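Student: Could you walk me through this protein chain? I'd like to learn how to read a structure piece by piece.

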Amino acid sequence: MFTDLSGENKQPVDFGKGDLWPLTYLEHLDAMVLQEHAVSMFKGEYHPVHIYQFADGTKAKVAENSMLNRRVVYLADKQLQ
């Protein structure tokens with residue numbers, strides 16, 4: 001859910017299926033890095049990483065099993081800017 005600093009303007013956000021939680025916001029991309037907790041009979045416990053783009057509501061998996069924790073640092077590739 002998004003809200004303003006007063007807590008008044010609340011807007012729900014649907015990141016899609018899965019046990020997902022936000023880690024960090026990438027302002028210049030208007031995107032959120034999401035961590036997922038998943039369990040499979042064949043893989044066991046694993047932690048996919050996704051990027052959610054607010055502009056079009058799409059979500060892309062960028063890593064299959066990488067537990068990022070809450071200390072994520074993003075460095076933009078200068079070639080992409």
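Predicted model: local features only at pLDDT ≥ 70, side-chain atom pairs only at ≥ 80, totals over all residues.

Student: In which sense do β1 and β2 pair, and over how many bridges?

Tutor: Strands here are DSSP runs of E, at least two residues, numbered from the N terminus. Two of them pair if DSSP finds at least two bridges between them. One spot to look at is Tyr25, which stands opposite Met32 in β2. For β1 and β2 the sense is antiparallel, over seven bridges.

Student: Which residue in the turn between β1 and β2 has a positive phi?

Tutor: These two strands form a hairpin, with four residues between them. Look in that turn for a phi of about 50°, and you land on Asp30.

Student: Which strand is the bridge partner of His50 in, and which residue is that partner?

Tutor: β4 pairs with β2 in the antiparallel sense over five bridges, and there Leu34 stands opposite His50. β4 and β5 also pair in the antiparallel sense over five bridges, and they form a hairpin with Gly57 in the turn, at a positive phi of about 70°. In β5, the partner of His50 is Lys61.

Student: How many of the residues of β4 are buried?

Tutor: Buried means under 20% relative accessible area, exposed means over 50%, and partly exposed is in between (1.4 Å probe, protein chains only). β4 is mostly covered. Of its five residues, the buried ones number four.

Student: Which residues make up the largest nonpolar core?

Tutor: A nonpolar core is a set of buried Ala, Val, Leu, Ile, Met, Phe, Trp, Tyr and Cys residues joined through side-chain atoms within 4.5 Å. In soluble globular proteins, nonpolar side chains tend to be buried together. The largest core here has six residues: Leu23, Leu26, Ala31, Val33, Val49 and Ile51.

Student: Is Gln35 buried or exposed?

Tutor: Gln35 lies in strand β2. A polar atom of its side chain lies 3.2 Å from the backbone oxygen of His47, and one lies 2.8 Å from the backbone nitrogen of Leu68. Its relative accessibility is 1%, so Gln35 counts as buried.

Student: Which residues are linked in a network of salt bridges?

Tutor: A salt bridge is a side-chain nitrogen of Lys or Arg within 4 Å of a carboxyl oxygen of Asp or Glu. Lys43 and Glu64 meet in one at 2.6 Å, N to O, linking parts of the chain 21 residues apart. Glu64 and Lys61 meet in another, at 3.1 Å. The network links Lys43, Lys61 and Glu64.

Student: Why does Glu64 count as partly exposed?

Tutor: Compare its accessibility with the cut-offs we used for burial. Glu64 counts as partly exposed because its relative accessibility is 34%.

Definitions and conventions
Residues numbered from 1 in each chain as written. Heavy atoms only, no water. Polar contact = N/O pair within 3.5 Å; in protein donor to acceptor, adjacent residues only side chain to side chain.
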